Amino acid sequence: MSWESVLGHDRVRRQFATALANDRLASTFLFLGPDGIGKRTFALKLAQTLLCPQAMDFHPCGVCPSCRQMLAGEHPDFEYLCRMPDRNQIMLEQLIGEKGDRDGFCHSIAKKPYYGGRKVAILDDADDLRHEGANALLKTLEEPPPKTVIILIGTAEQRQLPTIRSRCQIVRFAPLDWEEVQQILLQKDLVSPPDMAERLARSSGGSVQSALHLFGEDVLDFRTQWLEHLASGRVTEEGFIKSLQSFVERAGKEATPKRRRLMEVAAWAAEYFRQALAVLANGGPPPAMREFPDQELVRLAVAGAENWPGTMESMAVALDRCLLVESQVMANAHVVTLVESWLLDLNQAAHAKVPFYPSLATVSPLAQH
Ligand SMILES: [Zn+2]
């Protein structure tokens, strides 16, 4: 399997190919971009390419012992580290081992390569590095052993610690085209039939992960209902607050899936307000909106801009308020309380005669959930 298995990101691939051909490949990279767009898949294929002794024109051969070991996940010169499923951060022991045992990611990187060539190491979930772990990693990032390539994978730049960010070459990954998302859903047999895959892909914002979150149960239908509700201009209705709360509650028994779902609902609303604002600012849908993959969202944003009872400024406040939900969720706010205060704030923004700024007091104190 060559690079054909990696959809999209051609520009980034060409950058790496050129750097390698000119012998100017950096040794530490930080991959950034939304979840579910293929950064890890890309990094793994890059590792295979860099490790394959018979790679031609930046394509790994796929059959040599190195490629076979890489594909089987047991290459001796490849290291991979991610957050453990039951932890919310990369643990210090994962990086430097227990006291004195010279184990962990940093020590493994320091060992001589088994094949005598390159070594490649991937640190996934770089968003979840904390100061202690980052400090342990700094020396390795600053002075990696010769012929070693270290790739950190994260999402947003502001979620990376400055000490890490400044020591890596940042590589940005853009969301996939909706056609690419559809192709991945169908090729990997994740979704069928094709028209369902298309509907999900168009609403996914270019992320396979988001498309899969929309799949199943009533998620896609709820999304439509939620956006229609926003577009109606009647942001708060007690019935709707309850139905949103119950939708979030249905995500799972544990707090994590509920939080993730609420963040997703907030992200849909933020995208909706972003589009509706563009309509208001332009006095109608700007031409670029015709290219937007989710035309249903565009249609609702156009209707919503007309129905919005407030001003353009108050809609910008509504958008900000939706973006605030993510940090509140991360701060462990109680999801049911959060939904209520969020919708009340949106309603207040919609009906504010003067620019309104939601008071954080309405959402505190935030109970642990
Ligand atoms: Zn090979």
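## Residue S108 and the basis of the model

S108 touches E79 and K119, when residues up to four places away in sequence are not counted; contact here means heavy atoms within 4.5 Å. S108 belongs to helix α5 (residues 105–110). Helices (H or I, at least four residues) and strands (E, at least two) are DSSP runs numbered from the N terminus. With a relative accessibility of 13%, S108 counts as buried. The term buried stands for under 20% relative accessible area, exposed for over 50%, and partly exposed for values in between (1.4 Å probe, protein chains only).

The model is predicted: local features need pLDDT of at least 70 and side-chain atom pairs count only at pLDDT 80 or more, whereas totals for chains, interfaces and linings use all residues. Residues are numbered from 1 along each chain as its sequence is written, and side-chain values use heavy atoms, with hydrogens and water left out.

## Domain division

The chain is divided into domain 1 (3–172) and domain 2 (217–363), with bounds that come from an automatic or database domain assignment. The C-alpha centres of domain 1 and domain 2 are 37 Å apart.

Helix α2 (39–51) has 13 residues and reaches 18 Å from its first C-alpha to its last, close to the 18 Å expected at 1.5 Å a residue. The expected span of a helix is 1.5 Å times one less than its number of residues. Ten of the 13 residues of α2 are buried, and the helix is mostly covered. The buried residues are K39, F42, A43, K45, L46, A47, Q48, T49, L50 and L51. They pack against α1 (10–21), β1 (28–32), α3, β2 (78–81), β3 and β4 (148–153).

L44 also lies in helix α2, but L44 is partly exposed, with a relative accessible area of 32%. Leaving aside neighbours within four places in sequence, L44 is in contact with M70, F78 and I122. L44 and M70 are 26 residues apart in sequence, and their C-alpha atoms are 8.5 Å apart in space.

## The second largest pocket

The second largest pocket holds about 260 Å³ of space. Its lining has 18 residues, of which L50, L51, C52, P53 and S66 lie nearest the centre of the pocket. The elements that give two or more residues to this lining are α2 and α3 (65–71). The largest share, three residues, comes from α2.

A pocket is an open set of points, on a 1 Å grid over the protein atoms alone, with protein on both sides within 12 Å along at least five of seven lines; lining residues have an atom within 4 Å of a point. Grid points are joined across faces, edges and corners, and the volume is the space filled by probe spheres set on the points. The lining divides into eleven nonpolar, four polar and three charged residues. Ala, Val, Leu, Ile, Met, Phe, Trp, Tyr, Cys and Pro count as nonpolar, Asp, Glu, Lys and Arg as charged, and the others, Gly among them, as polar.

## Helix α6

Helix α6 (131–142) has twelve residues and reaches 16 Å from its first C-alpha to its last, close to the 16 Å expected at 1.5 Å a residue. Its buried residues include G133, A134, L137, L138, T140 and L141. The buried residues of α6 pack against β1, α4 (92–96), α5, β3, β4 and α7 (162–165).

## Helix α11

The 13 residues of helix α11 (residues 219–231) should span 18 Å at 1.5 Å a residue, and the end C-alpha atoms are 18 Å apart, which agrees. Ten of the 13 residues are buried, so α11 is largely enclosed by the rest of the structure. The buried residues are V219, L220, F222, R223, T224, W226, L227, H229, L230 and A231. Among the elements that cover them are α9 (194–202), α10 (208–214), α12 (238–249), α13 (255–282), α14 (295–307) and α16 (335–351). After α11 comes G233, whose phi is positive, near 85°.

## Backbone features in loops

Most residues other than glycine have a negative phi, and most peptide bonds are trans. D57, in the loop between α2 and α3, has a positive phi near 45° and is not a glycine. D57 is exposed, with a relative accessible area of 72%. D125, in the loop between β3 (119–123) and α6, has a positive phi of about 60°, although it is not a glycine.

The peptide bond from S192 to P193 is cis, with omega near -5°. P193 is placed in the loop between α8 (178–187) and α9.

Key: On a 1 Å grid over the protein atoms alone, a cavity is a set of points where a 1.4 Å probe fits but cannot get out, and a pocket is an open set with protein on both sides within 12 Å along at least five of seven lines; lining residues have an atom within 4 Å of a point.
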